[in-house]
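Open the structure in your viewer and keep the sequence panel beside it. The stops below are meant to be taken in order.

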Amino acid sequence: MVIYGTQSRLAFIKSGDQHWTYIDKSICDQNVRDVLESSYVRRGLWYRRDIVYRNGLFYVLDHLGVLLSCDVKTNLKVEKITGLDTLHNKWNHKTYLVESFEGDLLRVIRVIEDEYRYGMTIKFVVYKLVDFCGDLHWTEVNSLGNDALFLGDNHSISVVASDFIGCQPNSIYFCDDCDDFYNHGGPNDIGVFNLQDGCVRRHYTLAHSQRLMLPSIWISPTFL
């Protein structure tokens with residue numbers, strides 16, 4: 001499943017299919033009427049941000065906290081899991097959806113230093129999807145324990161830090177996934193954020209010859 005186009009539409013392809021299946025916009029929109037009627041949509045500030053596949057379902061998150069589940073196994077079924085909130089509604093706060101190593105869904109907000117489009121990352125805020133008496137909602141967490149998150153536009157993953165030499169627990173590794181990085185000197189917003197002390201440390205600096213490289217991506221080798 002992918003998010004595509006300026007209107008953040010959804011499409012998927014199954015093994016053996018010859019073509020993509022495009023999900024009609026109205027199917028998703030009927031689950032997010034509260035979002036569509038909000039001022040954020042009228043001002044062009046609403047986007048679907050990330051997708052995770054978990055327990056046979058695709059979960060799609062927008063930057064206003066609305067989480068959809070999509071069952072594409074037989075007949076397409078789309079349901080809203082969480083509603084609109086205003087925890088992080090600035091256009092320069094980027095949203096990621098990650099499954100923790102223990103199976104929790106995490107909503108991770110990347111906060112840029114100011115309103116300037118090419119500002120540097122200064123912190124992350126992490127929320128976990130919790131069920132309180134049947135009410136699913138996002139609640140902030142202050143620690144990832146022994147987990148480490150690796151965030152990026154292509155895919156975000158969670159690992160047990162102690163399984164990898166040099167990997168820092170309770171930390172978020174991030175790369176520069178700005179879609180217009182050529183205009184701000186190359187992909188240089190790369191670092192590690194530690195939730196315990198709230199500090200960002202730059203773990204890699206690009207050489208001048210690397211400034212025109214495409215943004216970095218994370219991979220999870222199958223041989224580890």
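**The whole chain**

Start with everything selected, and keep in mind that this is a predicted model. Colour by secondary structure: the chain has 16 strands and 3 helices. Of its 224 residues, 46% are buried.

**Strand β14**

Next, select residues 171-174, which form strand β14. Show the side chains and look at each face in turn. S171 and Y173 are on one side, I172 and F174 are on the other, and all four of these residues are buried, so both faces of the strand are covered.

Select residues 147-151 for strand β12, which runs parallel to β14 and is joined to it over 4 bridges. To find one of these bridges, pick L151 and look for its partner in β14, F174. Then select residues 191-194 for strand β15, which pairs with β14 in the antiparallel sense, also over 4 bridges. Here, pick Y173 and find its bridge partner in β15, V192.

Step back to N170, in the loop between β13 (157-160) and β14. Is N170 buried or exposed? Its relative accessible area is 10%, and buried means under 20%, so N170 counts as buried.

Display the residues around N170 to see what it touches. Leaving out residues up to four places away in sequence, N170 touches S143, L144, G145, N146 and D147, as well as F193, N194, L195 and Q196. Zoom in on L144: its backbone nitrogen is 2.6 Å from a polar atom of the N170 side chain.

**V72, in another loop**

For the last stop, select V72, which lies in the loop between β6 (67-71) and β7 (77-82). V72 has a relative accessibility of 10%, which is under 20%, and therefore counts as buried.

Which residues does V72 contact, apart from its neighbours within four places in sequence? They are M1, F12, K14 and F58. Finish by drawing a distance between the C-alpha atoms of V72 and F58: the separation is 8.1 Å, and the two residues are 14 residues apart along the chain.

How values were computed: Residues numbered from 1 in each chain as written. Predicted model: local features only at pLDDT ≥ 70, side-chain atom pairs only at ≥ 80, totals over all residues. Heavy atoms only, no water. Helix = DSSP H or I, 4+ residues; strand = E, 2+ residues; numbered from the N terminus. Buried < 20%, exposed > 50% of the residue type's maximum accessible area, 1.4 Å probe, protein only. Pairing = 2+ DSSP bridges. Polar contact = N/O pair within 3.5 Å; in protein donor to acceptor, adjacent residues only side chain to side chain. Contact = heavy atoms within 4.5 Å.
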